[in-house]
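This report concerns charged side chains and their surroundings. Please consult the model shown here before reading on.

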Amino acid sequence: MSQPPMSKSGAPLDVMGSLRRSHHCGDVMKAAVGDEVILAGWVGRRRDHGGVIFVDLRDRTGIVQVVFRPESAPEAHTRAHHLRSEWVLMIRGEVESRSEETINPNMPTGTIEVNVRELRILNSASVPPFAIEEETDVDEQIRLRHRLHDLRRPPLQRALQIRHDLARAVRESLSDQDFLEIETPMLARATPEGARDFLVPSRLQPGEFYALPQSPQIMKQLFMIGGCDRYYQIARCFRDEDLRADRQLEFTQIDLELSFVGVEEILTVLERVMVEGCRACGVELEAPFKRITWTEAMSRFGCDKPDTRIQLELVELTDVFMTSEFKAFRGVAEAGGIVKALPIANAKELSRGEIDRLEKLVRKELGAKGLGWIRVEDDGTWKSPITKFLGEPELAAIRERCKTEPGMVIFFQADVAARANTVLSRLREDLGRRLGRVDGREWDPLLVIDFPLLEDDGEGGLTHVHQPFVAPVEEDLALLDTEPEKVRGTHYDVVLNGVELGSGSLRNHRSDIQRKILSIMGYSDAEMEASFGFLINALDVGAPPHGGFAFGFDRWVMTLARTDNLRDVIAFPKTQRGQDLLMEAPSAVDAEQLDELSLRIRAQPKSD
RNA sequence: GGGCCGGUAGUUCAAUUGGUUAGAGCACUGGCCUGUCACGCCAGAAGUUGCGGGUUCGAAUCCCGUCCGGCCCGCCA
């Protein structure tokens, strides 16, 4: 006969035997006082008084206090002295109501406790690297390395619950709207366009590679051509680009596409999915959503995904400085750049030192050339390092457009449009939040429409703003031949609280228009054939008018979970350098594996 | 590819700015304790100061390099 297994501390371990859980820890209130319950979970806090011992037993649903009394269960009580954090228990006992003075109002199960009759120690556990609690101040690196402990914390458990609830609601909503869930291959063809591909070497075709899909974009268009009418998928996507707080190498999209529709029908679907998805997570949104054109968003907020709860807005001054004596600003305006201002009323708390810090921030982090500012004193006089360069027309324009008043601070940027907007938009968000210039709404859904189809590629040509298959709006078709940079695309974004949750468009379903657009972007016929021949030829099979949308699922969950870090809502996320600290991926592989794939590792060249 | 911030005990931080044996809270270990819920009390253990080099009589502290984490720009669109 073998001895029962022992825990590290010498306490013998038990088997579950035929004992099975009757309730979850958080659901014990569903049992009546006096009922016998069987609970299972992990040891949270343990309070050993020598006599009576309290253990907070925890599972996914919550925490309940279980009590070991020497008089009611001597054996269980004796063994309970050995219990340590994160040990795995199963207990049998009676639900008892707590006396008035021992009720804990801070926990949902605080009016009752479970008097233990039988204890089964199912497993011991190594000492946890940090406490499993609601709040933690532990370094994220530690949390990622010990993800199993971190996952036990309530915020992570809640995030996974939101993922589930949202995915389920979205499936239901789209199914109700006659969408068909269809899968697409993960081993796909490499694409020269867009993000860097993750490549998968082929064993059977030595020297050739699959690519993991950046998104099912082309494949879902093929579904439309294939007569599937309405498709959706909760699809994993892969992009080998640098990570951010809101970007991971692999992420999940709610991808959908439908046939014989215009933009309005797609937006109707989108809004319904948004409303029903959010509702499943306890958030009510009102449809239809506010709409703003891309041009207006850039002008007023300097950003194509504005959080419109922030009450600050930018002011255009480019025209004023076209004729200014102030050479620094005039030069920028004449060279095609922009001059804009961010006026902030009642900004006395922005001290000179604070403004200096902001200037340093935007110069170092955002590459700004500087940060012009004016402060309007109580007596109405202006304090500023730049006003001495300004003539009366500019001063008047600033007064009028910024509606200057005592206590106001105005920030200025004169730069190429992209950078000036980036800088002022960042200041708008940072200062708007810090100074509490928000309108108090918790949720701010917004549709951004009328994106331009094409933009300057920085080398004298034009390139697509989003992806090469976006259809132009019909009334702008003629402009393709004359002023292609003015053509509006049918592209739209949906933004929630300043987070871009997704985007979509109508696609080109006629190969002649698709070819024309590609040719404007500088593709020769041969290049078109090489890069997009497959799709263009597919259009000629008889492609229906179609369009669709894709939500960034993780970002949506992130927003609903009220965090700004994607790693908080993904079970096993990667660090900014693309590593999984728990499973230690990526990793080296055996020479034999490489050999089978016809691969050889070249010594890392020294970069100089 | 670039900018900025950070790395000291399991963990969160400190170390009088280059000077004795690197300290404290929590966690941990042992003991005591029958109503706690951040239980309490007593005692104890715990360190390659990320790593490598340099300067110095002396480095956690200064310099160079490197690795790791975070935020951002580029990139992703």
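This is a predicted model: local features need pLDDT of at least 70, side-chain atom pairs count only at pLDDT 80 or more; totals for chains, interfaces and linings use all residues.

E172 is partly exposed, with a relative accessible area of 48%; buried means under 20%, exposed over 50%, and partly exposed in between (1.4 Å probe, protein chains only).

## Salt bridges

The structure holds 59 salt bridges, each defined as a side-chain nitrogen of Lys or Arg within 4 Å of a carboxyl oxygen of Asp or Glu. In one of them, E86 pairs with R58, with the closest N and O atoms 2.9 Å apart. E86 lies in the loop between α1 (74–80) and β4 (88–97) and R58 in strand β2 (residues 53–59), so the pair ties together parts that are 28 residues apart in sequence. Both E86 and R58 are buried.

A salt bridge also joins E475 and R488 (3.9 Å, N to O). Here E475 is exposed, with a relative accessible area of 64%, whereas R488 is partly exposed at 28%.

## Basis of the values

Residues are numbered from 1 along each chain as its sequence is written, and chains are lettered from A and ligands numbered from 1 in the order in which they are written. Local features need pLDDT of at least 70, side-chain atom pairs count only at pLDDT 80 or more, and totals for chains, interfaces and linings use all residues, while side-chain values use heavy atoms, with hydrogens and water left out.

Methods
Helices (H or I, at least four residues) and strands (E, at least two) are DSSP runs, numbered from the N terminus.
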